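Work through the exercises below with the sequence and the structure open beside you. Try each task before reading its solution.

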Amino acid sequence: MNRLNQLPTLRIDPAEKRTLSYRGKSLPGVAGDTVATALFANGVRIFARSLKYHRPRGLYSLDGECANTMMDVDSIPNVRTENTLLKNGMVVKEQNVKGSAEFDWMGFIDKFDWMMPAGFYYHTMHKPAAVWPHAMKQIRKAAGLGEISPDYVMRGRFDELFLKADVTVVGGGAAGMRAALAAAEGGLRVVLLEARPHLGGCFDYRVSDNGDGTPLYQRARELAEQVAATTNIRVFTHAPLVGTYSNNLITAHQVGSDSDSFTERYIEIRSESIVVATGCIERPLLFDNNERPGVMQVGCAHRLARTYGILPGKQAVFAVGHDLGLEAAIDLFDLGLKIGCVADIREDGQNPDLLMALADRAIPVLKGWVAAKAHGKTVTKVTLTTVEGTVKRDFDCDLLVASAGLTPVTGPFIMAQAKMGYDNHTGYFLPTELPERMFPAGRLTGVGDPRAIEASGRLAGLQAAAACGVSLNGELDAAKAATAALPGPERGCKLVTAPVKGRKSFICFDEDATIKSVKQAIDKGFDVPELVKRFAGVGLGPGQGGIPGHNLPLFVAKYTASSATPKPTTLRPPLVPTFIATYAGAHHHMFKRTPLHKSQKAAGGVFRNIGVWKRARYFSDDFDCREEILNVRGNVGMLDGSTLGKFRIHGPDALKALQRVYVSDMSKVKEGRIKYSAMCNDDGCVIDDGVVVKRGENDYYFTTSTGRAGATVEWIRYHTRFDGWDFHLVNLTDAMGVINLSGPNARKVLAKVTDADLSSEAFPFSGYREITVGGSIPARAMRLGFVGELSYELHVAASYMQAVWDLLEEAGAEFGIRNFGVEAQNVLRMEKCHIILGQESEQRTNLLDVGLGFLWDRTKSACKTVGAVALRQAEKDPNRFKLVGIRMEDDDRPARDGALIVDTKVRGYVATMRKSFTTGEAVGMALVEKPLSDIGTRLEIFEDECNGVRLYARVVKMPFYDPNGERMKA
Amino acid sequence: MALTLTCPVCGKRNGYEFRYGGEDKGPRPAEEGMTPSAWCDYVHMNKCTAGVQKEWWFHRDGCGAWFTTYRDTVANLEVDAPEVTE
Amino acid sequence: MAEIRRESPVDFGVRSLETEVRSDWPVALAYDAEGDGPWVVDLSHKTRWDLQDGQVGELTPAGQSVPATPGMSVLADGILINRMNRTQTSIYHLGSDAPDLPDHPGFTDVTEATIFLALFGPHALHIAEKLSNLDLGDPNKEAPFLLQGPFCHVPCQIVTLEKDAEDGTNGAGGFVLTCSRGYAQSMVHAILDAGAEFGLRPAGEQRFAQWLAALSS
């Protein structure tokens, strides 16, 4: 097709060629084309088949308000081809067709619409119920939009942007640009969002005069240049608004061009004030076959020619209700379109200049006439009628430009919870009360005069700036006066539907909902728009209310003979379809690594996520960790325990704070000794355990479990928030790495790297010493026994961790020192019945249940210790669980962690159980009801998929290894 | 996402930065003489006001301060400036 | 015997051109092809102190007075002091060597607790707005100023040292950032990824020193 290549309004570059692949053929397009315009230029008229009736659908609005031109592009279904810029090599397919969009074998369904009244899913096919699964399967095959392959992987780069702005202007038409310029005058930070790939809005494609002798398109480009030259305005084009929320939060997405670093990106803007200048779309004209390919809205026909250089047809008929329709007819005639007739719904009120221009061109104008029916699979003929339906006349044509008038894009207001009401003069649904610091501008306020549009933009921009605290009283008054002096809102066309029965008059294209189905819904009692919307599916499609949003409430009010004003339906974000990938953005996976991460990895560590950390769980593919375990028991091993929570607490009231959160009497913590204790919540449930060390007067160092480190500061401050105590917390979790050196040879290894006296007399079990390693590296050393052997826990500055580790590894080489991981530690400590909170406890488990009652000091009630009151109560409760040691009857079949202990009901569960390499027994710990906790009690264990076979274990004494602790105290 | 809270230290911030700390119920009662049910009421019973209530928030991702502020629970909007507590 | 050497948590994945060892820290002085900015510099070896005291406002760490209100920072003699809240202040030694930790019990050396990055040059603030909704270019604040909040979802201390001189919209300027040390790799990855479109490159300490000198002059 030959393009109109010389128009000054074009947004394509005819010299820069693009190609796309459609139905196995390579079709040409040009830079600036959308996928839809390129297809249209190649003669494609039927783009897809409709959801339910498989009716042919084509270009209608050119802004993606309906699913008509949704296609499969590069394996992504439901792409709005009208909004998608053509990129070289795109592969485009039609959707929901058997055959092709042109010849769809399912097209016959359209004849059976009488079988599918509104709500037919609800009241057919459920009797008998067994029918439904089969019916659903068939319906799913026949109906719907695009399909996605389950193993499709989204390609592209997705990103996100979090902007702060003083003023955000939504809509980059003339009003929006004027608003942005006005708001930017005082130096405010302004963001301008435009859904189309270019600024200009309704001025962009029009050649009519702006009232000052400048063609509108030229005026739009002038404004765009001014905007570009204003450095404090940031412009985002091809960036449709997705949602507005309270506190003036706006979300949008931006589609990237070839030169951008992103495919699509999420934009979130928090701004002080907002100008909404989203303009108008067109209100669809309701008549029979009103969605046939060949029927299109005024702006669509006009922009096809002026923006994309494509004459939308050869022989046209216009059926319109707004002066823009007349303007388009004149301009398109001048560009070479033959026009059989212009039917104007309005009897009067037209701009006389436009009527004169039509007369000059001998284009007949029928006032008070409207389209009644379009004929042909793509339009070949149209029947026009007077609005009363008294007379009909047919016209041959291949293009019917049909539009009832305009409808404002008020989504931003609706989503910001603005109350909407019907405005009798314009016929629009407009906010009756504006959300705070949100200002409307431009065509959506009802004004049509170009100067009035610009003036309303400037006024709104200044108002938005004033809302940010910029003082500009004089200017604001001047802008108000300027607006008042110009023409105000125009009277809108009120016709709801052509005088037809409406069986094939589509009020909602996406869901194939007709006037008839709306009537059926109302007749069944669903007589308000929100109910009709759901029952008849009007506006539930991808376009939300873009097509039916204005017509539905008008029609419902008419059909119910309601004297109340029509009530619009609501909208929700996302206002336009947005990729999930866009919401996901760059999705950086943020996790912590220990200072030894690299060397642990090099040593064959198999890592697992533990809270925010990655930790080495195994050091071989033997996930039972036999070698790691036996090496600790018989020799010496090293564990990276750096994820342990570590804190300093200091200040005059530090001890008071510790007394509040720890169950023990922390005043008994002595220098040089470690104190093991636990924290409970207010229900007495144990949440954390760790050790506390006193390093000086009012100066303590304490550890928490890995999972609690992130909440420790919050916890302590929360439980002291009314006390006004003077204490300070420093989170040293990441500052210090931890090496756990364990095994009978641990002392010999450590002695090789430090001069400190490590004898049991000088550094006994439960001791704390500050030693120097490798001649100069300070280390905080603790003698603990978590794994049940002689152990030293070294806390070392993170940056020195690798050096210390290497020293120990070198020193231990002669003993065959080796790594052990978290799983080996888990088994080692289990054999000693040392608990891990979260494993031997869950949310309801209290301090007493797990046998840590000995930690609790009952004499310090003045400290108001967290959990103490509940523990006093729980002590008297005979129905608590108790942690017990258990051994399987069959030592070769340990129960799994979490297996249930049952009789006629659940009585408890296995917390941890392993086959112990040390003792050869299958042993573990379980939380059971108190009556089952006596030594020797036989327990019945249920596991998933055990096919009715139970496992059996007996309660045995704890611990299973070195009961007197001689090894760890060695 | 849309909720903002005013941290007395850091100023107005995105609600995601904060952890909710419950309704303001006043200081911890004394442990002596506390009955189990009175304790349970203090810990677990809430007024659940449909309207403006005083509540605790923690600036978890920011300065780490606990503070009270007033929030309209129906609109989910902060309505009054917070009180500096610390 | 194994070498006693510290390790920075930050690894840009490229070899530095020039390195010097300073109290066991290997410090990258310069990288190959540092480009025209923006730059990211690893300052994790620079000493950072935490100071907490009920009367922190009356203390004079390193001879400087503590800013009066939370969120305010002062930069003098290569020392950046940031008031965090009523009782807490962070002190960054951006210049050369830090003095010994003062004897006052309120001080904690937290150098090891965090990574410390500087991000500056053209578009530095544009990179930040891809990762955080904090307002690093807040027109109502005078640089340097402190923000405590999430950056790429991780709680950080961020100090804007320089706002874009013009009007805050060109994204030039720069800031320093600390976050938990364990996040080093994730944070560096996120920043380099976000900065790729602007040509963000790792740079050495010398580049930072030049910027600091320009800021102080």
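**Exercise 1.** In what order do the five strands of the open sheet in chain A stand, and is the pairing parallel or antiparallel?

Before the solution, some conventions. The model is predicted, so local features need pLDDT of at least 70 and side-chain atom pairs count only at pLDDT 80 or more, while totals for chains, interfaces and linings use all residues. Residues are numbered from 1 along each chain as its sequence is written, and chains are lettered from A and ligands numbered from 1 in the order in which they are written.

Solution.
- Step 1: helices (H or I, at least four residues) and strands (E, at least two) are DSSP runs, numbered from the N terminus. Two strands pair if DSSP finds at least two bridges between them.
- Step 2: the order in chain A is S33-S34-S35-S32-S36, with antiparallel pairing.
- Step 3: strand S33 (674-680) and strand S36 (728-731) of chain A have a single partner strand each, so one side of each has no neighbour in the sheet.
- Step 4: on average, neighbouring strands of this sheet are turned by 30 degrees against each other, direction ignored. Axes are lines fitted to C-alpha atoms, for helices over the stretch in contact, and angles run from 0 to 180 degrees between N-to-C directions.

**Exercise 2.** Which helix packs on this sheet? Find also the bridge partner of A:Val693 in S35(A).

Solution.
- Step 1: strand S34 (residues 686-696) and strand S35 (residues 699-704) of chain A run antiparallel and are joined by four bridges.
- Step 2: in S35(A), A:Val693 has A:Tyr701 as its bridge partner.
- Step 3: helix H18 (residues 654-661) of chain A packs on the sheet and touches strand S32 (645-650), S33, S34 and S35 of chain A. The direction of H18 makes about 135 degrees with that of S32(A). Two residues are in contact if their C-beta atoms, placed from the backbone, lie within 7 Å.

**Exercise 3.** Trace the two hairpins that involve S20(A).

Solution.
- Step 1: strand S19 (residues 369-375) of chain A pairs with S20(A) in the antiparallel sense over six bridges. Here A:Ala374 stands opposite A:Val382 in S20(A).
- Step 2: five residues lie between S19(A) and S20(A) in their hairpin, and A:Gly376 in the turn has a positive phi of about 95 degrees.
- Step 3: strand S20 (residues 381-386) and strand S21 (residues 392-396) of chain A run antiparallel, joined by five bridges. A:Thr385 stands opposite A:Lys392 in S21(A), and the bridge partner of A:Val382 in S21(A) is A:Phe395.
- Step 4: the hairpin of S20(A) and S21(A) also has five residues between its strands; A:Gly389 in the turn has a positive phi of about 85 degrees.

**Exercise 4.** How many residues does the largest nonpolar core have, and which residues have the most contacts inside it?

Solution.
- Step 1: a residue is buried if 20 or more other C-beta atoms lie within 10 Å of its own, exposed if 12 or fewer, and partly exposed in between; C-beta atoms are placed from the backbone. A nonpolar core is a set of buried Ala, Val, Leu, Ile, Met, Phe, Trp, Tyr and Cys residues joined through C-beta atoms within 7 Å.
- Step 2: the largest core has 189 residues, and A:Val804 and C:Leu117 have the most contacts inside it. H21(A) gives the most to this core, with seven residues.
- Step 3: not counting residues up to four places away in sequence, the residues that A:Val804 touches include A:Ile739, A:Val773 and A:Leu794.
- Step 4: another core, of 97 residues, lies apart from it, and A:Val295 and A:Cys397 are among its residues.

**Exercise 5.** How many residues do chain A and chain C each bring to their contact?

Solution.
- Step 1: chain A brings 46 residues and chain C brings 41 residues.
- Step 2: on the side of chain A that touches chain C, S8(A) gives the most, with six residues.
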